[in-house]
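Me: I have a few questions about the terms used for this model. Please give the value and the criterion each time.

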Amino acid sequence: MTHLDEEQLTLAYYGEVDAECMRHLEECGECRLRHERIKTALDNFPDFPVPERNDAYGREVWNRLLPQLAAKPRRSWLNWWTMTPVLASLIAIAFFAGMLAQRNRQIPGISAEARERVLLMAMSDHLERSEILLVELAHAVPGENELKMERALARSLVTENRLLRETARSAGDEPRAALLDDLERVLVAVANGPAGENPADLDALKARIQSNDLLFKVRVMSANTLQEGRKL
Amino acid sequence: MEWTDSAAAEQARQGDQRAFGVLVERHSRSVFRLAFRMTQNEQDAEDLVQETFLKAYKQLHRFDGRSAFGTWLYRIAANCSLDLIRARKNRRERQTTLTSETTDWLDRVAAPDPSPERLARSGQVASLLKPALAQLTELERTAFVLRHYEGRGIEEIAGVLGVQTNAAKHSVFRAVQKLRRALEPVAQVAP
Ligand SMILES: [Zn+2]
């Protein structure tokens, strides 16, 4: 028999070759040497770091799962939970904006860090829901629905967006303010725009979302903001 | 009472939600591990755990008990993960061409702070592993993750991927070659 090739030597490491190959490997010093090299490499292969899940994890999964077992599948990602946090965010933003207006006066009990954390969390929440809206729109099919949910969500996001944009700008956070500017233009267009049955309108909207990689930027900023907020 | 997997699956099939709960609690961690290894993303993995059990629940009537419940579930999890990876890839391909303006923007907003351990050698290898895995085709990556990290047999992997055994073997081999090359600068794994 001829010598084993790289593929056979590699698969032998996993025990995925036939008896004939294994026999050759035992008898042929040259192949054994090459196999040893591969074995060393694969033995030393970096371990895949998987986040830990403790003993209670199974129960947590089950608790999350249980309410869904009877429920019907969702039409889309746009459902109640995309709509509800708006209020909470608005309160947080109003709170923060108020703080900012009197930033020179020290408010006892609330640290600057706590305030910033609230803002960042509200911001990341806002960006996340904006992302969902943009994804929904990017996949919307003309005439399939009237984009009612999308428009309602856009309307609530517009108000929130304006507050956040102003807050970011007055805090000197230009990258975020600029992104929120871009986002606001699209949100306003969706909120005021005609219903989704006109393909041309929808296409124009999609083009708008795609220009400047808006969705991508929102996604990155959302992740960054969340991370920053968690660090505080 | 301690149910065996097959007894619990049988009970669940007859409509006993509690029995299904036992299976969920028992297998959640291994499903999470697989999903994380497949997607390399914690949130995606969490979503996939939910999706896997939801699908399993809906398809319980198809589970005939000939294979172990764990194996059956595993196949569902692997397929869900694969679907997600494919969907992501399609979406990425539709919008991969970043303008230079966006790249600049990224440079401005991204401010990574290297922690000491990230600079350590083991950290370096681990941080190289992710992009290295990302370079593989989805077939290669799945086959490799299932074979190398999850210890699954080639037959099963071929079944999950819906390919011939030889194709699965070849994918594992290609993955090993590419990864050894990618990790060469920092690890003793070079070809
Ligand atoms: Zn030989």
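Me: Which protein atoms are the donors of the zinc ion?

Reply: In this predicted model, the zinc ion has the protein donors A:His3 (ND1), A:His24 (NE2), A:Cys28 (SG) and A:Cys31 (SG), at 2.1 to 2.3 Å. The cut-off for a donor is 2.8 Å. Along the sequence, the donor residues follow the spacing H-x20-H-x3-C-x2-C. A:His3 lies in the segment before helix H1 (6-13) of chain A, and A:His24 lies in helix H2 (residues 19-27) of chain A, 21 residues apart.

Me: What makes the arrangement around the zinc ion tetrahedral?

Reply: The four donor atoms subtend angles of 98 to 121 degrees. Four donors count as tetrahedral if all angles lie between 85 and 135 degrees, so the arrangement is tetrahedral.

Me: Why are H1(A) and H10(B) called roughly perpendicular?

Reply: H1(A) packs against helix H10 (residues 165-183) of chain B at about 95 degrees, with the axes 10 Å apart. The range for roughly perpendicular is 65 to 115 degrees, and the pair is therefore given that name. On the H1(A) side the contact consists of A:Glu6, A:Glu7, A:Thr10 and A:Leu11, which meet residues of H10(B) including B:Phe173 and B:Arg180. By class, the residues of this contact are four nonpolar, three polar and four charged.

Me: What makes H9(A) oblique to H11(A)?

Reply: The axes of helix H9 (residues 174-192) of chain A and helix H11 (residues 214-231) of chain A cross at roughly 135 degrees and come within 11 Å. Roughly perpendicular covers 65 to 115 degrees and roughly antiparallel needs over 145, so H9(A) is oblique to H11(A). Their crossing is left-handed.

Conventions. Residues are numbered from 1 along each chain as its sequence is written. Chains are lettered from A and ligands numbered from 1 in the order in which they are written. This is a predicted model: local features need pLDDT of at least 70, side-chain atom pairs count only at pLDDT 80 or more; totals for chains, interfaces and linings use all residues. Side-chain values use heavy atoms; hydrogens and water are left out. Axes are lines fitted to C-alpha atoms, for helices over the stretch in contact, and angles run from 0 to 180 degrees between N-to-C directions. Helices (H or I, at least four residues) and strands (E, at least two) are DSSP runs, numbered from the N terminus. Angles under 35 degrees count as roughly parallel, over 145 as roughly antiparallel, 65 to 115 as roughly perpendicular and the rest as oblique. A crossing is left-handed if the near helix is turned anticlockwise from the far one by less than a right angle, and right-handed if clockwise. Donors are N, O and S atoms within 2.8 Å of the metal (3.2 Å for Na, K and Ca); water is not among the atoms, so sites may look incomplete. Four donors count as tetrahedral if all angles lie between 85 and 135 degrees; four count as square planar and six as octahedral if opposite donors are over 155 degrees apart and all others between 65 and 115; anything else is irregular. Contact means heavy atoms within 4.5 Å. Ala, Val, Leu, Ile, Met, Phe, Trp, Tyr, Cys and Pro count as nonpolar, Asp, Glu, Lys and Arg as charged, and the others, Gly among them, as polar.
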